[in-house]
Each structure stands twice: as structure tokens, then as C-alpha cells.
Amino acid sequence: MHYRKDIQILRGIAVLLVVLFHLGIAGFSSGFLGVDVFFVISGYLMAAMYDPGKKREFFLKRAQRLLPSYFFVIFATLVAAAIVVKPNEYSQVFTQTLYASLFSSNVGFWLENSYFDKSAFKPLLHLWSLGVEIQFYIFLPVFFWIFKKFRLGFFATLLGSATFCFLMVGISPKTSFFWMPLRVWEFLIGYGIFTKCKFSPPSKSGAAVWAGAISLVALICIPLFPMNGEAVGFQNGHPGLISLLVSLATGGVLNFGLPKIIEENKISDILEKIGGYSYSIYLAHFPVIVLFLYTPFGGTRIRANSFSELIFLCALVLASSVLLYRFIEKPTRKIKHLRRWVPAATISIFVVGIGGQWMQNQIIPRDQMLVYEAWTDRSEYRCGKLFRITSPKEISCEITNTKNPTHRILLVGNSHADSIKQVFLSAAQNQNHAVYFMVENTPLMKGGINPEKLILEAKSKNIDSIVLHYLSKSLQPSALHELSNLAKTEKIQLSLILPVPVWSRNVPQMIMEKIEGKRELPIKGIDDYKIENSELLASISSIKNMRSYDVVETFCHPKCQLITSDGKPIYFDAHHLTLTGSKMLEGTIQRLLLDLASPISPIDAPPKP
């Protein structure tokens with residue numbers, strides 16, 4: 001295939017969009033769409049390069065092109081993390097390197113949370129796309145066989161992948177985002193342009209080439225419009241309608257090319273140069289940004305604190321990208337003995353990772369390690385990783401395994417309900433109750449399941465009791481009152497576990513600052529709690545058919561606790577309980593469950609605050 005400057009220009013635009021997005025630059029909040037551009041280009045190039053009679057040569061060239069720089073970045077990130085970051089973040093980095101070494105970063109991040117979640121420390125998050133791409137290469141011979149064997153194989157695969165992708169983005173957006181089979185349609189747009197459009201080198205003049213220019217303008221403009229990457233549904237979600245438009249615009253440039261007047265100017269020359277470095281830029285930029293901006297317990301930070309810091313960070317990204325290209329990517333394109341080199345690289349990463357953990361365990365005192373371990377002291381997320389996919393129409397799941405239960409309970413709430421879920425279900429099982437839990441994270445909240453739908457769900461599962469637990473500001477009084485009226489009509493018992501005390505800063509971080517002698521822990525008492533929750537307390541005082549259960553006495557006696565007597569944090573961030581912290585509510589939960597045996601009476605009604 002002859003050299004095409006327009007493809008390098010596309011690569012340059014795509015990597016700039018991604019980098020500017022990851023730097024948090026205003027106006028590029030949709031820059032993640034640059035990855036969609038890369039997928040279409042990759043499909044086009046694979047169609048040009050793949051020869052079924054030379055499979056071994058194809059995979060060798062792909063490995064030589066991608067793997068040395070790929071493994072170097074993984075290794076360098078792991079070494080840097082062992083020196084720079086704390087144990088709770090280092091363990092996350094080590095896990096990410098293991099998935100990356102097996103070309104399955106996309107699977108690893110799918111098991112955690114969405115791409116856009118920044119609560120965890122993820123300097124190798126960008127490798128999800130390399131996981132998708134390498135998996136596509138691995139299955140390329142299978143796709144080629146299907147396309148050759150069945151006349152409509154190509155179109156069926158493209159439409160099938162796109163259809164499932166767009167349907168899944170309405171159920172589990174992160175699944176559409178991370179899973180290779182649901183991204184194949186983007187590769188196949190590029191693949192189809194090369195194989196189905198009777199490819200010939202695009203002309204640099206004539207009317208058709210201006211279709212390529214229009215496609216380029218659309219490609220540049222579309223990602224500049226803000227979009228919510230976590231939205232649900234084809235129209236607003238990702239990958240959805242916008243991804244489709246970006247992919248088609250990329251395909252338009254690949255098919256029609258670009259006019260001479262666009263290709264032959266200084267801006268295009270710069271974009272071409274950037275396109276040549278795009279792989280190294282993509283690999284290097286994100287670990288540099290995240291490690292440079294690292295603060296303990298701060299998650300994945302991508303926004304510089306000042307303009308001067310941003311300039312320095314850009315220079316650092318540029319320098320690391322050039323060094324990676326000059327000393328790793330370019331010299332290793334003809335590397336030999338990959339069969340031995342790749343396993344050796346994977347083993348080295350594993351050894352360094354274990355060594356880093358051992359080193360930190362030897363250096364860091366036990367009382368500090370207990371604080372760092374708070375991040376992992378929590379239960380599996382809501383209904384599990386696969387429930388939305390295996391049961392897309394369900395809005396609640398059973399989290400107990402109780403036969404002939406005495407009561408069927410629906411636990412309702414946001415992430416605060418999730419943090420006490422494990423302790424709640426253990427107590428319920430001990431009393432022979434069945435517990436169901438909401439799949440969504442926002443029931444009764446703005447944009448979430450409304451009270452009427454919640455009651456309908458309760459009736460469909462023969463629920464006789466609903467238990468609520470939220471962050472105070474998350475629960476809308478109007479929704480609570482409506483739910484109360486509906487529950488009374490349907491004779492469903494209603495209980496509320498009042499919000500736990502919350503803090504303005506990350507609790508493990510504050511504890512570490514206390515240990516290191518930097519500052520004292522903040523002080524909060526029962527009166528402070530009542531003031532912070534006064535609106536909710538006033539609202540529930542008029543709801544007579546709902547029992548409310550106070551928790552402030554559990555955590556504040558009289559001052560609110562942040563840490564247990566044996567040194568374990570009660571929270572893993574500013575307001576979510578650890579499993580250790582949630583176990584402090586066992587007595588409250590057991591009392592709530594015992595109360596289900598008796599109908600509510602006036603004495604049970606919450607007092608006026």
C-alpha cells in the first residue's frame with residue numbers, strides 16, 4: 001500500500017483530541033472520540049496488510065510494531081509507581097499491569113467501573129484501547145474466513161456488532177465501551193472501505209475529493225461538542241450516535257482522500273509529523289499526566305493546578321513521547337525472538353510488581369498500611385458485574401439465598417446503600433429474610449427510578465418491606481413523601497436508616513496526615529450532624545408510616561469517629577463506609593429487621609427534630 005499523508009493527518013488529529021481531553025483542556029471534553037478514529041483507521045490498514053497465506057508474517061509485523069513500546073510503558077509505569085505512589089494506589093497499578101500484559105486491559109477496567117470514573121488510580125487506563133485493538137488482530141483471521149465463506153458475512157458482522165453495541169449502551173454503557181465484539185463495527189467501517197469500495201488511490205482533484213474535505217471538517221467539529229460519555233442510550237450515550245458519525249466521517253476521508261490544498265500546507269505538515277509519533281504519544285502521555293499530578297488518595301487526576309503547571313506537563317508529555325519514539329519504538333521495529341521476548345517481559349513485570357509490593361510492606365509501618373488498605377475494604381459493586389447484561393430488563397436483584405423467607409425486603413439507595421449492603425444481607429439471612437437490591441445507583445433521585453415504578457417493582461417481587469439508606473442531600477423529600485403514600489396504600493412497610501456522618505475530605509488521607517504529624521483530625525459532634533441533616537430530619541418528621549433509625553449515636557459518642565480502636569478507617573473516602581465501618585451498624589440493622597414482625601405504631605413514628 002502506498003504512503004498516504006491523509007492517514008497520518010487523521011492520526012495526528014485523533015491523538016491530539018485524546019491528549020487534550022486527558023489534559024482536561026476546556027472545549028475538548030469529547031476528545032475521547034479520537035479513539036474511535038484510530039479504530040476505523042486500524043480496520044482500514046488491517047484490510048490492506050492482512051494476507052491469509054502469510055498469517056505468521058502478519059502477526060510478527062504487528063508484534064514488532066506494537067509490543068516493544070507497549071511493554072516498555074507498562075514496565076516504566078510500574079517502576080515509577082513503586083517509587084512515587086502509596087500502597088493502596090500501587091496495588092491498583094500492579095493489577096492494571098497484569099491485565100495489560102495479557103492484552104486485556106479493557107476487560108480489567110470493565111470489571112472495575114466506567115472509563116470516566118476517576119475515583120481509582122488508573123495511570124494505565126488508556127491501554128484499554130490497545131486491548132481492544134490487539135484482540136481484533138487476534139480474531140482477524142476468523143473475521144476474514146467468515147467474510148470469504150459467507151456472501152453477507154461482512155455486512156452481518158458489521159450490523160450485528162453495531163446493533164448489539166447500540167442496544168447495550170442503553171443497558172450498560174461501559175460494556176459497549178470496553179468489549180471488543182461491541183467495537184468491531186468501527187474497525188469494519190475502515191475494513192469495508194478498503195475491501196468493498198473497490199479501492200484505488202484517492203484523487204487529489206475533482207469533486208469527489210471535496211467529500212473527503214467535508215468529512216474532515218465534520219470529524220474535527222463533532223468532538224468539540226460536549227457530550228456525556230456515561231449517558232445511557234444510543235442518542236446521547238457512548239459509543240452511540242456521535243461515535244457513528246465520527247466513524248463515518250473518518251471513513252469518508254479514507255475513501256475520498258483530501259484535496260491538495262488541504263494536504264500541502266504547514267498545519268497539515270505538523271499534523272502529519274504528529275501522526276508519525278502518534279503511537280508513542282498515545283502510550284506515553286497518560287501515565288506521565290497521572291503520575292505527575294498524583295496526590296495520595298486523590299484517584300486519577302488529570303487537571304493541572306495552574307497554567308504554568310499545564311505548560312510544564314505538556315513539555316513533559318512531548319519529551320517522553322519523543323524519547324519513547326526515538327529510543328524504543330523506532331529502533332525495535334525489527335526486533336527478533338519475540339516468542340521469548342514477550343514472555344520474558346511479562347514475567348519481568350510480574351516480578352517487579354511483587355517486588356514493589358514487598359518493598360512497600362517492609363518500609364511502611366503497619367498502622368499506615370491499615371489506612372492504605374481501606375480502599376479494598378468494601379464489597380462487590382451493587383448486583384455484580386454481569387447482572388445488567390444477563391438480566392437487562394430487571395431493575396432489582398436478589399442478593400440473598402433464602403428459602404421460604406419470613407420477609408422480602410427491598411434495599412433502596414445510592415452508593416451509601418451499596419456500602420452497607422453486605423452487612424445488611426448477612427443480618428437478614430440470619431433472620432431468614434430475603435433481600436433484593438436496586439440495580440441502578442440513583443433510585444428516587446433526579447433522573448432515576450421514581451416512587452411509582454419502585455412500588456411496582458416491589459409488588460412484582462412480593463416485597464413487603466422497603467428499607468432506604470442515602471447520603472442526606474441525595475434523597476428528595478418530595479420523592480420520599482410520594483413513596484410513603486404509595487407504600488401505605490399497598491401495605492408495604494417503610495424504613496429509613498438515617499445518613500451516616502460525612503466529611504469534607506478523604507478520611508484515609510486525613511488519618512495519614514494525623515499519623516505524619518501534618519494536621520489534627522477534624523472534630524464533628526452530634527449537634528453538627530443534626531445541623532447538616534436538618535432538612536431531611538424535618539422532612540421525615542411528618543411521615544407517620546415510616547420507621548427511621550438513628551445512626552449518629554453509633555458513630556458519634558459524643559465526637560464522630562474516623563477510625564476504629566485497632567486502627568482501621570471507618571470510611572474509604574470522604575463519606576462511604578468501609579466494610580469495617582458498616583459492621584458498626586449491625587445492631588441498628590438487626591433491630592430494624594426485628595421490628596418488621598410488628599406493625600408500625602405512633603410511638604415508632606420519628607420525633608420532631
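## A buried loop serine

S474 touches N414 and M445 when residues up to four places away in sequence are not counted, a contact being heavy atoms within 4.5 Å. The place of S474 is in the loop between β4 and α21. Its relative accessibility is 13%, so S474 counts as buried; buried means under 20% relative accessible area, exposed over 50% and partly exposed in between, with a 1.4 Å probe and protein chains only.

## Basis of the model

This is a predicted model, in which local features need pLDDT of at least 70 and side-chain atom pairs count only at pLDDT 80 or more, whereas totals for chains, interfaces and linings use all residues. Residues are numbered from 1 along each chain as its sequence is written, and side-chain values use heavy atoms, with hydrogens and water left out.

## Overall architecture

The protein chain has 27 helices and six strands. These are DSSP runs numbered from the N terminus, with helices being H or I of at least four residues and strands being E of at least two. The radius of gyration is 27 Å, close to the 25 Å that the globule rule gives for 609 residues, so the chain is as compact as a globular protein of that length. This radius is taken over C-alpha atoms, and the rule is 2.2 Å times the number of residues to the power 0.38.

Along the principal axes, the C-alpha atoms fill a box of roughly 85 × 55 × 45 Å. Buried residues make up 55% of the 609 residues. Of the contacts with a separation of 6 or more, 82% are between residues 24 or more positions apart.

## Helix α20 and its surroundings

Helix α20 spans residues 451-460, and its buried residues are P451, L454, I455, E457 and A458. Seen down the axis of α20, these residues fall within an arc of 160°, so they line one face of the helix; the arc is that of the directions from the helix axis to the C-beta atoms. An α-helix has 3.6 residues a turn, so residues three or four places apart point the same way.

The buried residues of α20 pack against the strands β1 (396-398), β2 (408-412), β3 (434-438) and β4 (465-469), and against helix α21 (477-489). After α20 comes N462, whose phi is positive, near 55°.

## A buried helical serine

S247 lies in helix α11, residues 241-256. With a relative accessibility of 0%, S247 counts as buried. Leaving aside residues up to four places away in sequence, S247 touches D36, V40, W185, E186 and I189.
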